[in-house]
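Open the structure in your viewer and keep the selection panel to hand. The stops below go from a pocket to the strands beside it in the list.

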Amino acid sequence: MKRRIGIVFLALLCTVLVCGSYYLLKSKVRVHPDETGDLTKIEKITTRDLDSDYPSTPREVVKFYNKIILSYYEGKYTDEEYERMHEQASGLMDDDLRENNPKDTYKQAVEQEIADYKKRDREIRQSSVCDSDDVLFTTDPDKGDELAYVTATYFVKEKKEFTRTYQMYVLRKDDEGKWKILTYYQIDKDPNTQEETN
């Protein structure tokens with residue numbers, strides 16, 4: 001009889017431990033918004049908390065920035081979402097870039113570019129970022145800042161013609177270890193270079 005009670009008690013204890021462990025594990029695992037599948041593309045951008053979920057590599061920063069850029073040109077967002085996308089883009093920028101492009105100036109430039117694209121019947125169909133192995137890391141010899149150079153490609157349709165444009169993003173690591181966009185400029189590049197599409 002005592003043996004039977006001991007076995008039942010042991011089985012009950014094991015069940016409680018397994019269920020308790022499962023509950024603790026589930027409650028500690030945080031689901032990233034991208035994994036829920038319930039958010040729209042714009043919501044995935046606007047709800048991302050860059051304080052706790054900042055892109056970990058220069059390449060990931062540019063990929064996230066490209067998602068914002070492509071969403072700007074699609075035009076499928078509310079005024080509030082548009083404002084939030086600007087905030088997210090600003091959160092990826094280095095302090096020096098933000099100082100040279102204050103919020104209103106940046107917004108005006110984006111709006112003019114969007115208007116120009118619509119006027120020319122132009123749209124960005126796709127963007128891609130160079131492979132991780134092609135990201136160039138270096139140190140500024142004067143200031144000692146850590147820099148990274150990331151190439152992005154934009155596949156553009158204008159009326160019935162398709163072209164590729166290439167942009168170089170220069171990122172600088174800040175005091176918190178986050179890679180921020182310092183500057184970017186258009187470059188010429190061999191279109192046969194291997195790239196990963198977003």
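Which element supplies the largest share of the lining of the largest pocket? Helix 7 does, with six residues. The model is predicted: local features need pLDDT of at least 70 and side-chain atom pairs pLDDT 80 or more, while totals for chains, interfaces and linings use all residues. Residues are numbered from 1 along each chain as its sequence is written, and side-chain values use heavy atoms, without hydrogens and water.

Select Ile-69, Tyr-73, Glu-113, Gln-167 and Tyr-184, which of the 21 lining residues lie nearest the pocket's centre. (A pocket is an open set of points on a 1 Å grid over the protein atoms alone where a 1.4 Å probe fits, with protein on both sides within 12 Å along at least five of seven lines; lining residues have an atom within 4 Å of a point.) The lining divides into 14 nonpolar, five polar and two charged residues.

Next, colour helix 4 (58–74), helix 7 (103–119), strand 1 (122–130), strand 3 (146–158), strand 4 (161–173) and strand 5 (179–187); each gives the lining at least two residues. Helices (H or I, at least four residues) and strands (E, at least two) are DSSP runs, numbered from the N terminus.

Now show strands 3 and 4, antiparallel and joined by twelve bridges; strands pair if DSSP finds at least two bridges between them. Val-150 has Tyr-169 as its bridge partner in strand 4. At the hairpin, with two residues between the strands, select Lys-159, whose phi is positive, near 55°.

Finish on strands 4 and 5, also antiparallel, with eight bridges. Lys-173 stands opposite Trp-179 of strand 5. Five residues separate the strands in this hairpin, where Gly-177 has a positive phi near 85°.

Definitions and conventions. Ala, Val, Leu, Ile, Met, Phe, Trp, Tyr, Cys and Pro count as nonpolar, Asp, Glu, Lys and Arg as charged, and the others, Gly among them, as polar.
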